[in-house]
Amino acid sequence: MVKLNRIYTRTGDAGTTGLTTGSRRAKHDLRVTAYGTVDETNACVGLARLHAAAEDADIEAMLGRISNDLFDLGADLSTPETSEPLAFEPLRIVQAQVDRLEAEIDQMNESLSPLRSFVLPGGTPAATHLHLARTVSRRAERLMTELAATEGETVGAAALKYINRLSDLLFVASRFLNAKAGGDVLWVPGGNR
């Protein structure tokens, strides 16, 4: 378990931060940027969850599970693979977490009509915030795939699948909430010419 007695430690004042392994990296290091963007995604999910509580209790509960998963993902990313043995078992995203996202996507998508246009961010407050969370999760995914392609760095396959499925789930959840409130806000190509 995590135990925080003090919030500030002054150890990052020189522009570095500690990974779970104890090693230090620059705060602008790609790994740190990737898990920082996962944290940003989680903050957006929290905001969407706040609004979802008034719109759909099942979606709110689902977002709560996702928020916990995103902390797991941050822990996964902050513990790089190493050839040296660790004093602890690193927390990793597992396939079961990906499978759960897929099942939730399929369940929500069953009741939705096929798309005939791209969807604009909007609709209900929760749906709008889910669109924001979706775009931030896509940025996290881009950073994670860049990290995975960097020599000497690894990112678990399940972690990459999870972040990819997450943006899909956030999109479908926004459509699901908007469908209950009258429908998506659709793009009209050239509609303002």
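The second largest pocket of this predicted model has a volume of about 150 Å³. Four nonpolar, four charged and one polar residue make up the lining of this pocket. Helix H2, which spans 57-77, contributes to the lining with at least two residues, as does helix H3, which spans 95-109.

**Second largest pocket**
- The residues that line the second largest pocket are Asp56, Asp58, Ile59, Met62, Arg65, Glu104, Gln107, Met108 and Phe176.
- H2 provides the largest share of this lining, with four residues.

**Largest nonpolar core**
- The largest nonpolar core comprises 43 residues.
- Within this core, the residues with the most contacts are Leu63, Ile66, Leu73, Met144 and Tyr162.
- Two or more residues of the core come from each of helix H1 (30-55), H2, H3, helix H4 (125-148) and H5.
- The most is given by H5, which supplies eleven residues to the core.

**Contacts of tyrosine 162**
- When neighbours within four places in sequence are set aside, tyrosine 162 is in contact with Ile66, Asp69, Leu70, Leu73, Ile93, Gln97, Val98, Arg100 and Leu101.
- Among these partners, Ile66 and Leu73 are also listed with Tyr162 as having the most contacts inside the core.

- Helix H5 covers residues 157-180 and has 24 residues.
- From its first C-alpha to its last, H5 reaches 35 Å, close to the 34 Å expected at 1.5 Å a residue.

Technical notes:
Residues are numbered from 1 along each chain as its sequence is written. This is a predicted model: local features need pLDDT of at least 70, side-chain atom pairs count only at pLDDT 80 or more; totals for chains, interfaces and linings use all residues. Side-chain values use heavy atoms; hydrogens and water are left out. On a 1 Å grid over the protein atoms alone, a cavity is a set of points where a 1.4 Å probe fits but cannot get out, and a pocket is an open set with protein on both sides within 12 Å along at least five of seven lines; lining residues have an atom within 4 Å of a point. Grid points are joined across faces, edges and corners, and a volume is the space filled by probe spheres set on the points. Ala, Val, Leu, Ile, Met, Phe, Trp, Tyr, Cys and Pro count as nonpolar, Asp, Glu, Lys and Arg as charged, and the others, Gly among them, as polar. The expected span of a helix is 1.5 Å times one less than its number of residues. A nonpolar core is a set of buried Ala, Val, Leu, Ile, Met, Phe, Trp, Tyr and Cys residues joined through side-chain atoms within 4.5 Å. Buried means under 20% relative accessible area, exposed over 50%, partly exposed in between (1.4 Å probe, protein chains only). Contact means heavy atoms within 4.5 Å.
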